Amino acid sequence: MQTIESQTPASETGELSPDAERFRAQIVGHLIRTLGQNPDTATSHDVWEATCLAARSYLLQHSCQTRRHHRENNVKRLYYLSLEYLMGRLLENNLVNSGLIEPAREALAAMGHDFDRIFSEGTDMGLGNGGLGRLAACFLDSLATLDLPAVGYGINYEFGLFRQEFEGGRQIEQPDVWRRFGNPWQTCRQQYSVTVKLFGHVEWVYDDLGQGRPVWTDAQTVVGVPWDIAIAGYHSNTVNALRLWESRSSQDLDLEKFNEGGYIEAVRDKAISETISKVLYPNDATEAGRELRLVQQYFFVACSMSDIVRRHRKNNDTWDSFPEKCAIQLNDTHPAVAVAELMRILIDDELLPWGQAWSICQRTFSYTNHTLMPEALEKWSVPLFEKVLPRHLQIIFEINRRFLEHEVEPRWPGDEGKKRSLSLIEEGSPKQIRMAHLAVIGSHATNGVAALHTELLKRHLFADFNELYPGRFQNKTNGVTPRRWLKACNPGLSGLIDRSIGGDWPRDLDRLRELERFADDDGWRGEFLDIKRRNKAALAATIRECCGVTVSPDALFDVQIKRLHEYKRQHLNLLHILTLYRRLIRDPELDIAPRVFVFGAKAAPGYTLAKEIIHAINAVAAKINADPRVDDRLKIAFLPNYGVSVAETIIPAADLSEQISTAGKEASGTGNMKLALNGALTIGTLDGANVEILEEVGSENIFIFGLTVDEVERLWAAGYSSTDYYWRDEELRGAIDWLCSDHFSGRKGAFDGIRRSLLDDGDPFLVLADYAAYVAEQQKVDTAWRDRENWARMAILNTARCGKFSSDRTIREYAERIWNLPAVPIPDTD
């Protein structure tokens, strides 16, 4: 009997290559046997899903080979614990890394499908929010590419942070139902499910000899079910795994209550249990929200630690070998409770002596800090912690007692101030547990994520710890994967690079230095500019579709895309826009370079001022975009629902990268690296990784302004008064007063929160102090943009000199200097 596959033409355009024919057969096979769809009538979504499944089949085959080789050789593994993974869409990235992108393109074309249309069917995976989660995703890519054995652990959220919409310019949060129709990349591993205990209390149980030990009893339980996503290395046989935990009830249904008619009551426990993995970052403005966050963090940590222990026991008989076989990285303080959990496992379940257990913990864990703001360091109230994790609270108190008595007291005898500063417990009502302190003392290494950030950690945030543990703090400047953030998202530029220096640069980004010789090549510069303009035309089409605004791809595209927070200073950008707008109205003949300001940002649902800034930007945009006096010299586009896929359209099109945080507040940033890698020039302060971008690209190829960290400290010490700046600078005063009038919102007082922050509340992020320098530097940008050939030269040199900012370099440094993790290449198989 003739099968449907045999009825499907191999190609409508000619013979397919063998690889493409095999991939086409895989797609057709999944359409028919997995999805039950006829290839002739399948929708674009059907074809997308079948293409994903075809790629996944390849990845899972290599995943099996990877796991077998690791198991047979009893290799050391890294276990990366992160509450976020901002993965974006996976199809294109997986095809690029596995070398299947061209066979897939050819196969889909032969089936009569548009390649880009099929790729756009996927949704961003709702597993992360901002830079923390995107960094984790880049790191997974680099770990597999470098053949480093690794497993990422996180939560399989049913809903992402939220889907952002604008109504009247205001942010509206809608559910991000990213798994509404399932996810073809995930594989359930229910055989490795874990039961997690919560709440209850601790009792002392005595044996026949009268020796007692604490037992956690009367606890509630919830089940963690693992879902795996295969992570492919670029041109590597290694396929690692991201394991995500989904919460399920240990009792799905109370059948007796159900049969009695209590239908809601019968599934109450199930609904409560499954809330744990329901949404990323539940709002913690209420006590119930804070409790859910703590439960969520412990759930994912307990599941992950149980899984790590299970893996270790497969091939190892002793606990002493645990640090030699397992390296556990804490990505910020969210998983810091893992220190207490491993101690609980070792002393309660395995009955190890305290000293041995603590030594194992410290040699196993390492901790990455991602913030310089003390208020952002996670703390939990002792009463809440005791309610949710009563045994862990006892362990933390004992860790703290031993730490203060055995380490702090001998170093600073009788110094109660040092004890208060270093203690895991912050005194107050109620007392608070400092999770960052637990992470520091429970790890053998703590790292910052940019050179400046690390120095400030040692100088301020963890100064006493740095004095107590000299050499424990290291720097590991962040990086981004060039596979997604240049090769995949900017195929025009990556193709030009391939033709110019060869195609192996995605594994060795330092090779981009070879592009420097083309910076003065007229022909190469012309191709570079043509590619940039095509990327800008694509973004202009997206802006027209999403914002209803028509913009010219010949204008300067000035881009600020990042989480909305006061310290990132989107409102400083807005004040500059208002300044330009006022100048144009006052002088209609003013000669300025046409500019499109592009924003992308989400504000946390409970962050009122951040949401007000979004509203203000959109209100100003509505006026400017409709004002004929501006004559297309200024346009503003605030793209809704910013995420990875939106960034992949914006970044290749950007001309100017806004990195304008208050000096000393941004830990590193990675958007700055992605934009520079794609040929955008940076305007920024000497903050985070901007300092290192300046060092790499050269001062003549970047626009630096504003107060330095030392100047910020001196300004605060001298007594900063924002109102002095307000009254001294007429343009600044005019911009603020105009914004806070009823001109843009139609209602006086709509933006009084911004005014209060800048004037009444002392301008905590020094927007007014840096305003004049920012406006002056933007004038230099305007002048530089008019020399198109030199601008192209500067942009090319930015791309050429960003080799340092590959996440491969970052991961090599972690592997060599923190994890002691050797590469394990997976051999080819027949």
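**Overall fold, sheets and single residues**

Q: How many helices and strands does the chain have?
A: In this predicted model, the secondary structure of the chain comes to 35 helices and 23 strands.

Q: What radius of gyration does the chain have, and what would a compact globule have?
A: The chain has 28 Å, and this agrees with the value near 28 Å that a compact globule of 830 residues would have. Taken along the principal axes, the box filled by the C-alpha atoms is roughly 95 × 85 × 60 Å.

Q: And how many of the residues count as buried?
A: Of the 830 residues, 60% count as buried, while the chain exposes about 32,200 Å², with carbon and sulfur atoms supplying 48% of that area. Among contacts with a separation of 6 or more, 76% are between residues 24 or more positions apart.

Q: What about charges, how many positive and negative side chains are there?
A: There are 96 positive and 117 negative side chains, and the centres of the two sets lie 1 Å apart.

Q: Switching to sheets: what is the strand order in the six-stranded one?
A: The order is S20-S19-S18-S21-S22-S23, in an open sheet with parallel pairing. Strand S20 (634–638) and strand S23 (703–704) stand at the edges, and each has a single partner strand, so one side of each is left without a neighbour in the sheet.

Q: Which strand does S21 pair with over four bridges?
A: Strand S21 (residues 656–659) pairs with strand S22 (residues 681–684) in the parallel sense over four bridges, and within that pair Leu656 stands opposite Leu681.

Q: Where does Asp332 lie, and is it buried or exposed?
A: Asp332 lies in the loop between strand S11 (326–331) and helix H13 (338–349), and it counts as buried at 12% relative accessibility. Phi of Asp332 is also positive, near 75 degrees, in a residue other than glycine.

Q: Back to strands, what is the order in the three-stranded sheet?
A: That open sheet runs S13-S15-S14 with antiparallel pairing. Its edge strands are strand S13 (379–381) and strand S14 (425–426), each of which pairs on one side only. S13 and strand S15 (residues 432–434) are joined in the antiparallel sense over three bridges, and the bridge partner of Ser381 in S15 is Gln432.

Q: Which residues does the cis peptide bond join?
A: A cis peptide bond joins Ser429 and Pro430, with omega at about 0 degrees, and Pro430 is found in the loop between S14 and S15.

Q: How do S7 and S8 run, and how many bridges join them?
A: Strand S7 (residues 201–206) and strand S8 (residues 212–217) run antiparallel and are joined by six bridges.

Q: Now a helix: which residues of H19 are buried?
A: In helix H19 (residues 451–461) the buried residues are Leu452, His453, Thr454, Leu456, Leu457 and Leu461.

Q: And what covers them?
A: The cover includes strand S16 (446–448), helix H20 (463–468), strand S17 (473–475), helix H28 (690–697) and helix H29 (709–718).

Q: Where is Glu92, and what is it in contact with?
A: Glu92 is in helix H4 (residues 91–97) and counts as partly exposed at 28% relative accessibility. Leaving aside neighbours within four places in sequence, Glu92 is in contact with Ile101, Phe119 and Ala488.

Q: Last one, is Ile826 buried or exposed?
A: Ile826 is buried, with a relative accessible area of 7%, and its place is in the segment after helix H35 (807–819). Beyond neighbours within four places in sequence, Ile826 is in contact with Gln65, Thr66, His69, His70, Asn237 and Thr238.

Definitions and conventions: Residues numbered from 1 in each chain as written. Predicted model: local features only at pLDDT ≥ 70, side-chain atom pairs only at ≥ 80, totals over all residues. Heavy atoms only, no water. Helix = DSSP H or I, 4+ residues; strand = E, 2+ residues; numbered from the N terminus. Rg over C-alpha atoms; globule rule 2.2 N^0.38 Å. Buried < 20%, exposed > 50% of the residue type's maximum accessible area, 1.4 Å probe, protein only. Contact = heavy atoms within 4.5 Å. Areas by Shrake-Rupley, 256 points an atom, 1.4 Å probe, with all protein chains shown as cover. Lys, Arg positive; Asp, Glu negative; His and termini not counted. Charge placed at Lys NZ, Arg CZ, Asp CG, Glu CD. Pairing = 2+ DSSP bridges.
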